[in-house]
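Here's a quick briefing to read with the model open beside you.

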Amino acid sequence: MSKHDMTLMAHLLRRAGFGATPDELEIYVARGYEAMAEELLNPGTDHAMPDDIIRRYHVDQSELRQLDSAGAYWLYRMFTTQCPLQEKIALFWHGLFATGYTKLNQARALLNQIDMFRRLGLGRFDTLLLELSKDPAMLLWLDNQDNHKGAINENYGRELLELFSMGIGNYSEDDVKEAARAFTGWTLKNAEYMAVRASKDSIWPYGRINWHFEFREDDHDDSEKTFLGESGQFNGEQIIDIIARQEATARFISTRLFQFFAADEIDADGEPVVEAMMQSYFDSGYEIRAVLRTLFNSDYFKSEQARYARVKGPVELLVGGIRLAGSYRRPTLGANQLAFQTFFMG
């Protein structure tokens with residue numbers, strides 16, 4: 001086993017996961033780089049620390065209402081997962097599809113969203129955008145419950161195009177408004193009941209708020225719309241279909257994935273890799289797994305140049321250090337403080 005093989009595998013596991021111990025690396029190197037990349041890209045059933053074990057030590061993690069409890073719960077998953085790319089891709093989408101606790105008043109809603117990223121994060125981009133558009137945390141975060149037929153709220157339509165799929169310069173102000181019209185009637189099913197329930201915190205630990213998605217046809221604008229040059233009686237699904245097939249979307253997603261997994265800056269050597277990732281996006285039917293496979297197996301990704309081309313984020317730094325040290329493999333009451341440490345680091 002060469003030193004080169006070990007350092008290359010360590011690099012893959014740092015980027016596609018949260019690092020690995022020397023003993024783990026020996027096992028992985030024996031499997032081979034391409035086989036290991038494929039294993040990471042196709043996670044099986046995850047055997048992370050079981051919830052029932054965590055809850056015996058952390059009563060607050062039964063309901064997961066509080067921000068630090070929810071943060072610690074996810075950290076346990078990252079410390080103990082045997083499917084590291086599943087957690088890493090969830091962290092990527094959590095950063096890109098920005099949603100926060102402040103408007104939700106219930107951290108469990110965010111964890112539900114993150115669980116959706118685990119399930120769908122390596123699959124088709126259009127499927128992921130569709131579920132994101134129905135996600136209660138996102139509906140509330142970007143005010144789509146206030147997006148009504150005849151009185152649109154542009155927040156979600158704008159962020160969907162600007163921050164989540166295409167980027168500035170690839171759509172018009174009219175496209176934002178037409179997208180918003182297509183998402184009218186996409187709302188919360190049980191908001192009134194949950195508002196009453198939220199006021200009675202004495203029902204802990206059986207839940208404070210548990211929102212669900214509902215499509216209200218009577219509040220949906222089903223008239224003709226023109227979006228990115230196409231016309232029809234579009235609903236949100238058709239808007240997402242149109243977004244997914246744009247070259248701007250392929251470039252936006254490939255660029256963001258490259259910056260998260262490979263290098264902070266895209267130089268002349270990185271640009272051909274982004275182009276190849278875009279081609280994989282279309283060839284695979286918008287599958288994120290295929291885009292990442294192209295990246296991980298590229299000469300650029302394996303090069304010395306890429307090894308120090310990216311600064312770790314706070315969660316990666318913390319989780320990587322703890323996985324290397326071997327601590328927090330069982331419930332430890334200091335875990336909530338670790339969640340705060342990542343907040344303090346930004």
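What radius of gyration would a compact globule with 346 residues have, and what does the protein chain have? A globule of that length would come in near 20 Å, and the protein chain has 21 Å, which agrees; the radius is taken over C-alpha atoms, and the globule rule is 2.2 Å times the number of residues to the power 0.38. This is a predicted model, where local features need pLDDT of at least 70, side-chain atom pairs count only at pLDDT 80 or more, and totals for chains, interfaces and linings use all residues. Residues are numbered from 1 along each chain as its sequence is written, and side-chain values use heavy atoms, leaving out hydrogens and water.

**Overall build**
- The protein chain has 20 helices and four strands (DSSP runs, H or I of at least four residues for helices and E of at least two for strands, numbered from the N terminus).
- Its C-alpha trace spans about 65 × 55 × 30 Å along the principal axes.

**Burial**
- Buried residues account for 53% of the 346 (buried means under 20% relative accessible area, with a 1.4 Å probe and protein chains only).

**Helices H5 and H20**
- The axes of H5 (residues 67–80) and H20 (residues 335–344) come within 8 Å and cross at roughly 95° (axes are lines fitted to C-alpha atoms over the stretch in contact, with angles from 0 to 180 degrees between N-to-C directions).
- H5 and H20 are therefore roughly perpendicular to each other (65 to 115 degrees).
- Among the residues that meet are Leu 75, Tyr 76 and Phe 79 in H5, and Leu 338, Phe 340 and Phe 343 in H20 (contact means heavy atoms within 4.5 Å).

How values were computed. Parallel < 35°, antiparallel > 145°, perpendicular 65-115°, else oblique. Buried < 20%, exposed > 50% of the residue type's maximum accessible area, 1.4 Å probe, protein only.
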